[in-house]
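This briefing goes through selected packing features of one protein model. Please keep the sequence and the structure at hand while reading.

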Amino acid sequence: MGVDGKALVLGGGGVTGVAWELGLLHGLAEHGVDLTDAGLLVGTSAGSAVAAQVLSGVPLKDLYEAQLRGPGSEVAARMSLGGVLSFLVAGLWPGDPARGRAWLGRRALRARTMPEAERRRVIAARISDRGWPATRLLVTAVDAQTGEVRIFDASSGVSLVDAVAASCAVPLTWPPVTIGGARYIDGGARSVANADLAAGSDRVVVLAPVTASARRSGRPSAQVAALGPDVCSAILAPDAAARRAIGRNPLDPARRRPAAEAGRTQAAAEADRLRAVWS
């Protein structure tokens, strides 16, 4: 069980985001800062896969070393220009943001992608599903038809694999995920990290491979600021070396190793700052 009052927020960022976050977490633990002892974890897209892995009981060192292996059978994908523009249009939609997300979701439902079952197998292999952890975990997704956010947790009656697959369903790149008759797309369609879900925590650390958002309200910095002045917090994004290691395509498994190594290296420079927040 984690420590009440501490929240670890893990943002989206593709397979390289998974690798960078795991490298960072492992590196911080090597310096005596264990962020995985949080009482609450919030996972969005790639961050949901990281959360599921670090709460599985597998040591961080082993999770990190798994990122150093080759891409294996995973095939590189790339978000098309149309997909990027669709995210931007949805994010800038006037009025109710859910309407923009619903527009994006409907486009995702019409897109040609790999079969949903095949994508689920990729996610299942990635997270080594052992069921929902004892530590509180919130996994974000968005209803493709309504644009409403859905927060999955251990009480949702949904398998962890399905919840993570839904959160990782990048619109127009991966297929929407079917859960209980509804179809879901990436939780990043609402916010790149959904840090506002850490409300009520005293100490909050956000790992954000991506910090940009069409709406200011969706940025980790704005969401953490809104948690209140009494919350001790820190936001970590890739430094210059990590950005170079990650490269331009966050969906390329071949960049997994350099991204993980860059995260571990960056941890050395961040450990003191994080120790002050976490302890």
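In this predicted model, V224 touches A195, V206, S233 and I235, leaving aside residues up to four places away in sequence.

**V224**

- V224 belongs to helix α8, which spans residues 220-225.
- The relative accessibility of V224 is 7%, under the 20% cut-off, so V224 counts as buried.
- N194 is 30 residues from V224 in sequence, and the C-alpha atoms of N194 and V224 are 9.4 Å apart in space.

**Nonpolar cores**

- In soluble globular proteins, nonpolar side chains tend to be buried together.
- The largest nonpolar core has 58 residues, and the members that touch the most other members are L8, L35, L41, V54, F152, V205 and L207.
- Helix α10 (residues 256-278) gives the most to this core, contributing 8 residues.
- Another core, of 14 residues, lies apart from the largest one, and L138, A198, A208 and V231 are among its residues.
- V54 has contacts with L22, L25, T36, L41, L60 and L63, again not counting residues up to four places away in sequence.

**V205**

- Strand β7 (residues 203-207) holds V205.
- V205 has a relative accessible area of 0% and is therefore buried.
- Beyond residues up to four places away in sequence, V205 touches A7, L8, V9, L35, A234, L236, L274, V277 and W278.
- V205 and V42 are separated by 163 residues in sequence, while their C-alpha atoms are 10 Å apart in space.

**Helices α2 and α7**

- Two packed helices are described by the angle between their axes and the distance between the axes.
- Helix α2 (residues 46-54) packs with helix α7 (residues 160-167) at an angle of about 150°, and the two axes are 7 Å apart.
- Because angles over 145 degrees count as roughly antiparallel, α2 is roughly antiparallel to α7.
- The crossing in which α2 passes α7 is left-handed.
- On the α2 side S48, A49 and A52 take part in the contact, and they meet L160, V164 and S167 of α7.
- By class, this contact of α2 with α7 has 4 nonpolar and 2 polar residues, and no charged ones.

Technical notes
Residues numbered from 1 in each chain as written. Predicted model: local features only at pLDDT ≥ 70, side-chain atom pairs only at ≥ 80, totals over all residues. Heavy atoms only, no water. Axes fitted to C-alpha atoms, helices over the stretch in contact; angles between N-to-C directions. Helix = DSSP H or I, 4+ residues; strand = E, 2+ residues; numbered from the N terminus. Parallel < 35°, antiparallel > 145°, perpendicular 65-115°, else oblique. Left-handed = near helix turned anticlockwise from the far one by under 90°. Contact = heavy atoms within 4.5 Å. Nonpolar A, V, L, I, M, F, W, Y, C, P; charged D, E, K, R; others polar. Buried < 20%, exposed > 50% of the residue type's maximum accessible area, 1.4 Å probe, protein only. Core = buried A, V, L, I, M, F, W, Y, C linked by side-chain atoms within 4.5 Å.
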